[in-house]
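Try each task before reading its solution.

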Amino acid sequence: MNTHHQAAGSYEVRLATHADLPGARSVMLDTFYREFGHGYSPQWHADVIDLAATYLETPRHALFVAVCGDEVVGTTAVRAQGPASPPHPAWIAERYSGDQTAQLFRVYVRAEHRRRGLARALVDAAVGFVAETPGYEQIYLHTDTRIAGAEGFWRSVAKEVCDARDGDPDRNQTVHFEIPIPVLAVTADPR
């Protein structure tokens, strides 16, 4: 299997198709409302309304899904876009500005399907996509450390760039990370 399609136990991790979009949207919206407790915000979540245009029809963008049978149970997305300031520090937005930054978004797995390696498999697929896609120079992401397990997971696959936590439990407690882009093996010409 290639980096865009892999088995993860009884699950399949692959690039999303149009048929997967309602399930992917459901995972994302449920995460906003049930996990994050703030719901949908057009300012930060507009991509979720038009997943096809954002991820399937835009070059260098991608949406990956983890499926169990016909059910989408996890998502990860890649966009050629750096973080915004505000809410993030201006120097972070500057460091990761432009379309040479691949930002990981929407790394969500339904609670009842966690602890099965799906987030790691989804991130691995996204990182493989970035490595194969011309023009990317870095992979950036941020996480809210108030989400159970998020900080530990990202520390296991990424390098911290900035801990922007301010101690106010009512605001996002954000840590910014970078994942190195792997160098793909090039097969030598046998001639």
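**Ground rules and burial**

Of the 191 residues of the protein, 45% count as buried, where buried means under 20% relative accessible area, exposed over 50%, and partly exposed in between (1.4 Å probe, protein chains only). This is a predicted model, in which local features need pLDDT of at least 70 and side-chain atom pairs count only at pLDDT 80 or more, while totals for chains, interfaces and linings use all residues. Residues are numbered from 1 along each chain as its sequence is written, and side-chain values use heavy atoms, with hydrogens and water left out.

**Exercise 1. Describe the fold and its overall dimensions.**

Step 1: list the elements, taking DSSP runs of H or I (at least four residues) as helices and of E (at least two) as strands, numbered from the N terminus. The protein has six helices and eight strands, in the order β-β-α-α-α-β-β-α-β-α-β-α-β-β.

Step 2: check the dimensions. The C-alpha trace spans about 60 × 40 × 30 Å along its principal axes. A compact globule with 191 residues would have a radius of gyration near 16 Å, and the protein agrees, at 16 Å; the radius is taken over C-alpha atoms, and the globule rule is 2.2 Å times the number of residues to the power 0.38.

Step 3: turn to contacts, meaning heavy atoms within 4.5 Å. Among contacts with a separation of 6 or more, 66% join residues 24 or more positions apart.

**Exercise 2. Find the aromatic pairs and say how Phe153 and Trp154 are arranged.**

Step 1: apply the rule. Rings of Phe, Tyr and Trp (its six-membered ring) pair if their centres lie within 6.5 Å; planes under 30 degrees apart are stacked, over 60 edge-to-face, and the rest tilted. The count is six aromatic pairs.

Step 2: inspect the pair. Phe153 and Trp154 are edge-to-face, with 4.8 Å centre to centre and 70 degrees between the planes. Phe153 is buried at 18% relative accessibility, and Trp154 is buried at 7%.

Step 3: look for a cluster. Phe32, Phe36 and Tyr108 form one.

**Exercise 3. Which rings lie under the charged ends of Arg60 and Arg79?**

Step 1: a charge sits over a ring if NZ of Lys or CZ of Arg is within 6 Å of the ring centre and within 35 degrees of the ring normal.

Step 2: the charged end of Arg60 sits over the ring of Tyr136, 4.1 Å from its centre. For Arg79, the ring is that of Phe105, and the distance to its centre is 3.6 Å.
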